[in-house]
Amino acid sequence: MSSTLFADDALSAASLALRGLTERQQVISSNIANVDTPGYNAREYDFETTLKRTINSVSGSVSIKRSDSRHIAAKTSTNTNLIATSNREGGTYREDGNNVDISTELIDMSETNIKYQAISQGLSNKLLLLKSIAQGG
């Protein structure tokens with residue numbers, strides 16, 4: 001992660017967090033859409049662990065050495081993939097093999113929305129502060 005005025009660590013982390021929360025919303029939406037699908041296993045997205053792992057891998061900046069010119073070069077982009085879904089543990093399986101609990105999904109969706117709004121508001125406040133500083137006021 002860089003530490004320039006407009007691409008500092010806080011903005012980069014907020015961007016990753018918003019991407020992760022968007023992924024979580026998509027997983028929850030998929031669960032809700034499949035509430036009546038026989039045999040469907042509810043999925044979950046461990047956003048916090050994935051975000052920590054992504055931030056640590058980006059900030060660690062470990063260089064990869066190629067020992068042979070035929071080896072594929074390592075990507076140095078910070079555009080990492082945050083998709084890491086898994087089957088939700090527990091829950092009650094219905095007779096048709098589906099374990100989606102609509103109440104759990106709606107609670108998770110509300111929690112995710114609140115987190116998204118909080119991060120968006122913090123990001124907006126930081127950008128307004130930078131704008132105020134740039135305008136000298």
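Predicted model: local features only at pLDDT ≥ 70, side-chain atom pairs only at ≥ 80, totals over all residues.
## Overall picture

A residue counts as buried here when its relative accessible area is under 20%.

The protein has three helices and two strands, and starting from the N terminus they run α-β-α-β-α. Among contacts with a separation of 6 or more, 77% are between residues 24 or more positions apart.

## The nonpolar core

The largest nonpolar core is a set of seven residues: Leu16, Ala17, Leu21, Val27, Tyr45, Phe47 and Leu51. Two elements, helix H1 (9-33) and helix H2 (47-60), each give two or more residues to this core. H1 puts in the largest share, with four residues.

Leaving aside residues up to four places away in sequence, Ala17 touches Phe47, Leu51 and Ile119.

## Thr112 on helix H3

Thr112 sits in helix H3. Its relative accessibility is 1%, so Thr112 counts as buried. What does Thr112 touch, not counting residues up to four places away in sequence? The list is Leu21, Arg24, Gln25 and Ile28. One of these, Leu21, also turned up in the largest nonpolar core.

## The loop between S2 and H3

Now for the loop that links strand S2 (85-87) to helix H3 (102-134), which is where you'll find Asn98. Is Asn98 buried or exposed? Asn98 is buried, because its relative accessibility is 0%, and the cut-off for buried is under 20%.

The side chain of Asn98 has polar atoms placed by two backbone oxygens. The one on Thr37 is 2.7 Å from a polar atom of that side chain, and the one on Val35 is 3.1 Å from a polar atom of the Asn98 side chain. If you skip residues up to four places away in sequence, Asn98 touches Asn34, Val35, Asp36, Thr37, Gly39, Tyr40, Thr92 and Tyr93.

Gly90 is also in the loop between S2 and H3. At 44% relative accessibility, Gly90 counts as partly exposed, whereas Asn98 counts as buried. Gly90 and Ala42 are 48 residues apart along the chain, and their C-alpha atoms are separated by 9.7 Å.

Conventions:
Residues numbered from 1 in each chain as written. Heavy atoms only, no water. Buried < 20%, exposed > 50% of the residue type's maximum accessible area, 1.4 Å probe, protein only. Polar contact = N/O pair within 3.5 Å; in protein donor to acceptor, adjacent residues only side chain to side chain. Contact = heavy atoms within 4.5 Å. Core = buried A, V, L, I, M, F, W, Y, C linked by side-chain atoms within 4.5 Å.
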